[in-house]
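Subject: Structure for you to look at

Hello,

Please find the structure below, with the sequence alongside. Have a look at it before reading my notes.

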Amino acid sequence: MSGTDEDAFRIIASSPEGVLQSELWKILGVDSRKCSRIVKKLLDSNRVERVEYRQDGIKTFRLIARKGPADPYCLLAGDELIPCIACDEDCTIESCTDLLDWMYQLAISDAEESSSVSKKSEE
Ligand code: SF4
């Protein structure tokens, strides 16, 4: 998929209520025909859904990103799985020490990963 397709998807996904197709081509800086081709690719790959929408009596479409399955790596901090997976506590996110510890571990593992990437690029 080209950068423009990815750009379009990112723009659509950045808004929970979606983006009007009649606005998308202007945001992307492409003409409406090219935008239609981009939208078709996103529809064919099932990454977005299209809902009919009337704006000032004119028919257009609202494009809404489909939610994909969660990336399993987003549930890991190093080797530690997010504690919410197996939790049966009454949840109060703001004061959960298990989640706080996991987030601390996430920050450490991200920092370690960044450090190892920069060391490799120096070699
Ligand atoms: S935030 Fe804490 S209490 Fe809530 S589900 Fe996750 S681990 Fe359990």
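What follows is a summary of what was found, from the whole chain down to single residues.

First, a caution: this is a predicted model.

Overall layout

The protein chain contains four helices and five strands. From one end of the sequence to the other, these elements come in the pattern α-β-α-α-β-β-β-β-α. The radius of gyration of the protein chain is 20 Å, well over the 14 Å that the globule rule gives for 123 residues, so the chain is more spread out than a compact globule. Along the principal axes, the C-alpha atoms of the protein chain fill a box of roughly 55 × 50 × 20 Å. If you take the contacts between residues at least 6 apart in sequence, 45% of them join residues at least 24 apart.

The nonpolar core

Which residues make up the largest nonpolar core? There are ten in all: Ala8, Ile12, Val19, Leu24, Cys35, Ile38, Val39, Leu42, Val48 and Leu63. Helix H1 (3-13) and helix H3 (32-44) each supply at least two residues of this core. H3 gives the largest share, four residues. Leaving aside residues up to four places away in sequence, alanine 8 touches Leu24, Leu28, Ile38 and Leu42.

The sheet

As background, the strands of a sheet pair through backbone hydrogen bonds, and the pairing can be parallel or antiparallel. Here three strands form an open sheet in the order E1-E3-E2, and the pairing is antiparallel. Strand E1 (19-20) and E2 stand at the edges with a single partner strand each, so one side of each has no neighbour in the sheet.

How many bridges join E2 to E3? There are eight, and the two strands run antiparallel. Among the pairs across these strands, glutamate 52 has phenylalanine 61 in E3 as its bridge partner. Arginine 50 stands opposite leucine 63 in E3, and glutamine 55 stands opposite isoleucine 58 in E3. Leucine 63 is also one of the residues of the largest nonpolar core.

E1 and E3 pair over two bridges, again in the antiparallel sense. In this pairing, leucine 20 has arginine 62 in E3 as its bridge partner.

Turns and loops

E2 and E3 form a hairpin with two residues between them. Aspartate 56 lies in the loop between these two strands. Its phi is near 55°, which is a positive value in a residue other than glycine. Is aspartate 56 buried or exposed? Aspartate 56 is exposed, because 5 other C-beta atoms lie within 10 Å, and a residue counts as exposed with 12 or fewer.

Asparagine 46 sits in the loop between H3 and strand E2 (48-55). Asparagine 46 also has a positive phi, near 65°, and is a residue other than glycine. With 9 other C-beta atoms within 10 Å, asparagine 46 is exposed.

Cysteine 74 is in the loop between strand E3 (58-65) and strand E4 (76-77). Cysteine 74 is exposed, with 9 other C-beta atoms within 10 Å. To place cysteine 74 against another part of the chain, take glycine 29: the two are 45 residues apart in sequence and 32 Å apart in space, C-alpha to C-alpha.

The ligand

The model also holds a ligand, and the residues around the ligand are Pro83, Cys84, Cys87, Glu89, Cys91, Ile93, Cys96, Asp98 and Leu99.

When you open the model, you could begin with the hairpin of E2 and E3, then find the ten residues of the core, and then turn to the residues around the ligand.

Regards

Note on methods:
Residues numbered from 1 in each chain as written. Predicted model: local features only at pLDDT ≥ 70, side-chain atom pairs only at ≥ 80, totals over all residues. Near = placed C-beta within 6 Å. Core = buried A, V, L, I, M, F, W, Y, C linked by C-beta atoms within 7 Å. Buried ≥ 20, exposed ≤ 12 C-beta atoms within 10 Å, placed from the backbone. Contact = placed C-beta atoms within 7 Å. Rg over C-alpha atoms; globule rule 2.2 N^0.38 Å. Pairing = 2+ DSSP bridges.
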